[in-house]
Amino acid sequence: MTQKPDLSAAMVRDDFLPKDAYLSRDFLRLENERMWPRVWQIACRVEEVSRAGDFVTYDIGDNSIIVVRENDETIRGFHNTCSHRGRQLTEGCGRTMQFRCKFHGWRYGLDGACTYVQDREDFGPSTCFSDAELRLKEVLVDTWAGFVFINMDLDAAPLREFLDPVPDFLDPFEMETWRYRWYKTTILPCNWKVALEGFNESYHVASTHPQLLQHMGDDVTRSYTHGRHGMYLYPPDRVPLGAPSPKLGKPIPTDLRPGIVRHYNELNDTLKAMYTPRSVEATGRLLTEVKADAPVSEVYGKMAQFHREAAEASGAAWPDITMEQVLRAGSNWHIFPNHVFLQLLDGSIAYRARPNGDDPDTCIFDMWSLVRYTPGTEPPLKREFYPDWRHNTVENFGYILSQDFDNFGAVQRGMKSMAFEGSRINPLQESEISNMHRALYEYVFGRE
């Protein structure tokens with residue numbers, strides 16, 4: 001009989017991660033029991049529940065949460081289970097003025113109170129039949145940066161305390177003003193951490209996205225940890241955007257403008273996120289309004305000016321933010337446990353990874369392109385779901401995400417090899433990953 005690994009004895013180091021966290025069904029069970037019910041996690045964006053009665057169903061492990069707008073001031077969260085026999089009340093998203101159980105017709109108001117019990121007189125003076133007993137069980141709800149967070153632990157520390165110090169870095173970006181450009185979800189053939197970690201480091205770019213090396217400048221980053229969260233940035237003395245990566249052995253051109261414009265166009269064409277169509281068009285002004293021999297500082301300064309002018313001309317807001325704040329915030333943030341985004345002044349691409357039931361080898365993966373729109377011009381929200389990422393991958397997700405997805409199943413399978421002991425982490429470029437596992441182990445094995 002094969003002995004199960006002693007998961008509690010597995011140690012996380014800055015440069016090494018045990019593989020059981022990705023492969024073990026027991027580890028996933030412990031995550032679902034000890035971590036997911038105790039952490040703040042993003043359920044939706046505020047704009048998804050903008051009117052009274054708007055609701056979103058957020059599923060995580062065996063738990064399902066209803067996030068609903070009760071009124072102009074209040075967003076509530078409830079466990080998605082009827083107090084009668086446990087049937088789930090909602091799936092997906094929509095709008096309603098009450099929640100009705102399709103099994104026996106019990107109904108609940110937007111405040112969670114049970115408003116109707118079929119044949120209520122039959123229950124008599126039951127001790128478990130008070131109004132307080134029948135109401136939907138609540139979860140904590142709070143918002144930050146336009147995201148709606150939930151926490152199933154009613155004794156949890158406040159959201160701002162959980163996020164600390166992330167808001168200090170990112171509040172100046174005014175992310176609450178962003179809106180969805182697109183929203184896509186798929187099922188990936190890997191553990192949720194494998195998928196998330198594919199986006200909270202840039203160490204993979206040179207091999208996974210080699211086409212970007214022609215014009216992205218130096219692709220080497222440095223990562224930093226902030227409590228349970230982490231981020232990476234490009235050092236200020238890097239080879240600049242618009243030049244080829246030093247890995248290609250090519251000289252730095254004296255005219256960076258064509259490379260910068262190509263970079264923006266390629267990201268917009270193959271990712272349709274981070275760089276907005278408005279910022280892509282504004283970047284094109286470099287070719288006609290900035291001299292070819294302009295110094296790097298002038299090229300970058302003019303590009304920032306053009307982006308702001310384009311946004312303001314369209315009626316979109318622009319943050320009151322300094323260049324020092326922009327550089328300090330870096331390029332990418334991992335918000336523990338399962339959210340990663342790359343923020344720019346005009347928008348972002350964001351990712352959320354979740355367990356897919358009790359299967360450690362698959363996960364639910366959400367991708368969001370967020371944009372600073374002129375109020376009233378936001379496109380209608382369309383949630384796209386692709387159960388098989390391999391079907392029309394480039395058409396559905398774009399070339400860059402297709403390159404990323406192609407890694408994940410092979411990583412999950414490769415980790416199962418008896419020859420693979422664990423992940424060897426780059427301590428300078430991938431510290432977000434080891435930091436995430438350290439926090440995860442604290443929840444799972446009680447080391448807080």
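Predicted model: local features only at pLDDT ≥ 70, side-chain atom pairs only at ≥ 80, totals over all residues.
C44 counts as buried, at 1% relative accessibility. For C363 I found no disulfide either; the nearest cysteine sulfur is that of C190, 4.2 Å away. A disulfide requires the two sulfurs to be within 2.5 Å. C363 is buried as well, with a relative accessible area of 0%. I recorded 0 disulfides for the structure.

**Nonpolar cores.** I next examined the largest nonpolar core, which has 110 residues. The members that touch the most others are W144, L170, L188, Y351, F365, L401 and F405. Helix α15 (residues 431-445) contributes the most to this core, giving 8 residues. Another core, of 16 residues, lies apart from it and includes I66, C82, F99 and C114.

I listed the contacts of F365, leaving aside neighbours within four places in sequence.

**Sheet.** I traced an open sheet of 7 strands in the order β2-β11-β10-β5-β4-β3-β6, with antiparallel pairing. β2 (41-45) and β6 (93-95) are at the edges; each has a single partner strand, so one side of each lacks a neighbour in the sheet. From one strand to the next the twist averages 30 degrees.

Within the sheet I inspected β10 (residues 138-144) and β11 (residues 147-151), which pair in the antiparallel sense over 5 bridges. Opposite D142 I noted F149 in β11.

Methods. Residues numbered from 1 in each chain as written. Heavy atoms only, no water. Buried < 20%, exposed > 50% of the residue type's maximum accessible area, 1.4 Å probe, protein only. Core = buried A, V, L, I, M, F, W, Y, C linked by side-chain atoms within 4.5 Å. Helix = DSSP H or I, 4+ residues; strand = E, 2+ residues; numbered from the N terminus. Contact = heavy atoms within 4.5 Å. Pairing = 2+ DSSP bridges. Axes fitted to C-alpha atoms, helices over the stretch in contact; angles between N-to-C directions.
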